[in-house]
Amino acid sequence: MWSLRSRRRLIAAVGAVLALAPTACSAATGGGRPTLNIGNAAHKRIALITGVKSDPFYITMACAAEAEARTLDMNLSVYGSEQWDASAQRAVIDSVGASRPDGLLISPVDGDALTPSLRQLQAAGTKIGLVDTTVNDPSVGITRASSDNEAGGVLAALAVAKQMGDQGSVLVISVKPGVTTTDARIKGFNEEMAAHHPRITVLPTLYDNDQPATAAAQVQSTLAAHPDLRGVFAGNTNTGRGIATGLKQVGKQGVVKVVGFDAEPDEIAALRAGTIQVLVAQDPAAIGTQAVDQLAAAFEGRPVLKEIDTAMAAIAKDDLDNPRFAKYLYRTGC
């Protein structure tokens, strides 16, 4: 087991399964959440705006947030756009903001482009919590709940290096620059490779704009240009799905080792089939639950945890039926 209490305190080598414990920055990530006095939180209207409404990661987060809101007698509505796009999400923010919710949880799809809209909403009195992704302006949001994505990138680097026999070329494909979570994953991955894996050549990062077909074409063209390609790190869900498809189409599944991020159903199917070897999975339900708890604390005038890091786990095929890892497998509905 590895701990994320420090991003660089990795206290064991990658094994078949690597579970990540919650960080010490939040008591809410320990053995139980604090008891809430819901007197001032009850009946508050809160909204959750996800990155992409059809993404199983966000569906899992939303289901947990809705359940927690019901427990606290708060009214939660969930919104999201069809694509990972700042303009589309800005329109959702403006529409939700017009109803003046008491609280807003949001996964911003861009670290800067949405900040003016969020500042305006915050100035009007809405308490904002950032979930999964964040913005670069530290004044936005009373709480930020996320996985430690940089440490997740380190974990992915260690996993793919092990799969590759610590030699050959490796490729990173991700969604687009400027997304805080995926940028952090790439940073952790590249720093780990540069520091500890001299026989692995890291090729320039490619971006697929969250389009699986693009990721499939990118891995195929890279394989043609670099026959020594032995590993790929997929920075997000759709990218992992596209890479798995691309390798299967050219008969390289299992030959080119793939470490994906997240654990949505198509990725789980690829893991079972051997197209993906390891998935670094988050706990989106914990993110949704704990973010709702922090809004409740703010409504009641109690201390709010500004930073919450939730657990992750590296999952191999043999771990899929282990109940210990069930919470890391994403859902397609409540």
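A residue counts as buried when its relative accessible area is under 20%, as exposed when over 50%, and as partly exposed in between, with a 1.4 Å probe and protein chains only. This is a predicted model, in which local features need pLDDT of at least 70, side-chain atom pairs count only at pLDDT 80 or more, and totals for chains, interfaces and linings use all residues. Residues are numbered from 1 along each chain as its sequence is written, and side-chain values use heavy atoms, with hydrogens and water left out.

Asp210 has a relative accessibility of 11% and therefore counts as buried. Asp210 sits in the loop that runs between β10 (206-207) and α6; helices here are DSSP runs of H or I with at least four residues, strands are runs of E with at least two, and both are numbered from the N terminus. The phi angle of Asp210 is near 65 degrees, a positive value in a residue other than glycine. Most residues other than glycine have a negative phi. Asp166, in the loop between α4 (149-164) and β8, also has a positive phi, near 60 degrees. Its relative accessibility is 25%, so Asp166 counts as partly exposed.

In β8 (residues 168-174), 7 of the 7 residues are buried. The strand runs parallel to β9 (residues 200-202), to which 3 bridges join it; two strands pair if DSSP finds at least two bridges between them. Within this pairing, Gly168 stands opposite Ile200 of β9.

Helix α6 (residues 212-225) contains Thr222, which is buried because its relative accessible area is 8%. The C-alpha atoms of Thr222 and Leu171 are 8.2 Å apart, although 51 residues separate the two along the chain. With neighbours within four places in sequence left aside, Thr222 is in contact (heavy atoms within 4.5 Å) with Leu171, Leu203, Leu206 and Leu229. Another threonine, Thr181, belongs to helix α5 and is buried at a relative accessible area of 5%.

The largest pocket has a volume of about 440 Å³. A pocket is an open set of points on a 1 Å grid over the protein atoms alone, where a 1.4 Å probe fits, with protein on both sides within 12 Å along at least five of seven lines; lining residues have an atom within 4 Å of a point. Val52, Asp55, Trp84, Asp210 and Asn238 are the closest to the pocket centre among its 27 lining residues. Two or more lining residues come from each of α1 (56-71), α5 (180-196) and α7 (237-249). By class, the lining holds 7 nonpolar, 10 polar and 10 charged residues. Here Ala, Val, Leu, Ile, Met, Phe, Trp, Tyr, Cys and Pro count as nonpolar, Asp, Glu, Lys and Arg as charged, and the others, Gly among them, as polar.

The structure holds 1 disulfide, a term for a pair of cysteine sulfur atoms within 2.5 Å. The bond is formed by Cys63 and Cys334, with their sulfur atoms 1.8 Å apart. It links distant parts of the chain, 271 residues apart: Cys63 is in helix α1, and Cys334 is in the segment after β15 (312-316). The disulfide is left-handed because the torsion about its S-S bond is about -100 degrees. Cys63 counts as buried at 7% relative accessibility, whereas Cys334 counts as exposed at 68%.

Methods. Grid points are joined across faces, edges and corners, and a volume is the space filled by probe spheres set on the points.
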